[in-house]
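Biologist: Please take one residue in this model and look at it closely. I would like to know where it sits, what surrounds it, and how that part connects to the rest of the chain.

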Amino acid sequence: MSNEKHLAVIFSDWHIHDYKRFNTDGSRLTNCLRVLFDLGEFCSKNEIKTILFAGDLYDTQKALFTNVVNETVEAFLQFNRTYPDITIYAITGNHDQSTKNILGKEAISALLHIQSIVPDTFVVVDNQTIKFPDGISITGVPYYEYKEHFATQLDEAANRVSKLNGYKNYLMIHQTPAGLDNDMIPADTNPKDVNYLSFDFTFCGHIHSRKQLTENFVIVGNPIHRDLADAGKKKGFLVMNLQKPEKGIKFFQLKGYPEFVSVYDDEEVENEADNYVVRKPRLDNLKLQETAKVEEFNTDLSSAELMTNFWKEADGKDKELLEIGLSFLK
């Protein structure tokens, strides 16, 4: 039934957008779309026909910029003409949803317009299972606002694939898993949930830093730098032989893209013009009040870290209040 090799490129959190910062002549939107063709070239050279995308194609929620949609559509049309044998299987992330995604009242997905234009190139697998002739199945569960709703759909997905005899089963999700470096961020799902054992591997989007949490559960990460939280991190995509998951995953860096770099205001940066350089003052050059906490409140920190530090400073006891605040950042 199966062949020896079914390679797939895997990534998430593309966040295509016409960003305001560091956006000379619309370069950031151009770079976002260039990712598509770099992946196409890689797949073509390595005889890969499957790309798995775990959510957040777009960056802005609810209201998409017209130029972003138009240029994205044109890029996919060109990709379809250039690489007609490559198919992207995708799920909907929270940034792709028009409203809050709730069980029984699912939000409209921005991905569906791409699928309608290039159905052979782009396939949305929200709450579906796609079966391949070589004994591979791909299942997708889109982002859900409430973890209980996601758990219901995960249980249904696990029951569905349990009936597929002889298949290698793969799952894409877009939620916050337990086991992150910041344990103050509330989790939507536990990678050790028994439902994940129904799948040979789970590819998780939503979190941008690549990390393997269990033997068969990995946060796949974003392909290029989006903001200062990505500083110092290598970005790219993963490749796996879906026929032989026991061989693991290999990471490939996407090179030639600008990166966020955080430096002190008196430091020189190599290739500064080619990157997004954010400068910060040296603490010993500032006249600070004794109570100032610059390390806990500065632009190097992510929104979640800033909110957590503010909560510690203001209260530090009501964890439910912190979870509510962090939920607004999703």
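Predicted model: local features only at pLDDT ≥ 70, side-chain atom pairs only at ≥ 80, totals over all residues.

Modeller: G248 belongs to the loop that runs between β11 (236-241) and β12 (249-253). Leaving aside neighbours within four places in sequence, G248 has contacts with V239 and M240. The C-alpha atom of G248 is 9.1 Å from that of N216, a residue 32 places away along the chain.

β11 and β12 belong to an open sheet of six strands, in the order β4-β3-β2-β1-β11-β12 and with mixed pairing. β12 is an edge strand, as is β4, and each of these pairs on one side only. From one strand to the next, the twist averages 25 degrees. Elsewhere in the sheet, β1 and β2 are paired in the parallel sense over four bridges, and F11 stands opposite F53 in β2. The helix α1 packs on this sheet and touches β1, β2, β3, β11 and β12. The direction of α1 makes about 160 degrees with that of β1.

In soluble globular proteins, nonpolar side chains tend to be buried together. Here the largest nonpolar core has 40 residues, and those with the most contacts inside it are V9, W14, I16, I51, L57, F76 and F122. At least two residues of this core come from each of β1 (7-11), α1 (27-45), β2 (50-53), α2 (66-82), β3 (87-90), β4 (122-124) and β11. α1 supplies the largest share, eight residues. Taking I51 as an example, and again leaving aside neighbours within four places in sequence, its contacts are V9, F11, L39, C43, F79, I86, T87, I88 and Y89. A second, separate core has 20 residues, among them A54, F132, M172 and V218.

As for the whole chain, it has six helices and 14 strands. Of its 330 residues, 48% are buried. Among contacts between residues at least 6 apart in sequence, 65% join residues at least 24 apart. The accessible surface of the chain is about 16,800 Å², and carbon and sulfur atoms account for 49% of that area.

Methods
Residues numbered from 1 in each chain as written. Heavy atoms only, no water. Buried < 20%, exposed > 50% of the residue type's maximum accessible area, 1.4 Å probe, protein only. Contact = heavy atoms within 4.5 Å. Areas by Shrake-Rupley, 256 points an atom, 1.4 Å probe, with all protein chains shown as cover. Core = buried A, V, L, I, M, F, W, Y, C linked by side-chain atoms within 4.5 Å. Pairing = 2+ DSSP bridges. Axes fitted to C-alpha atoms, helices over the stretch in contact; angles between N-to-C directions.
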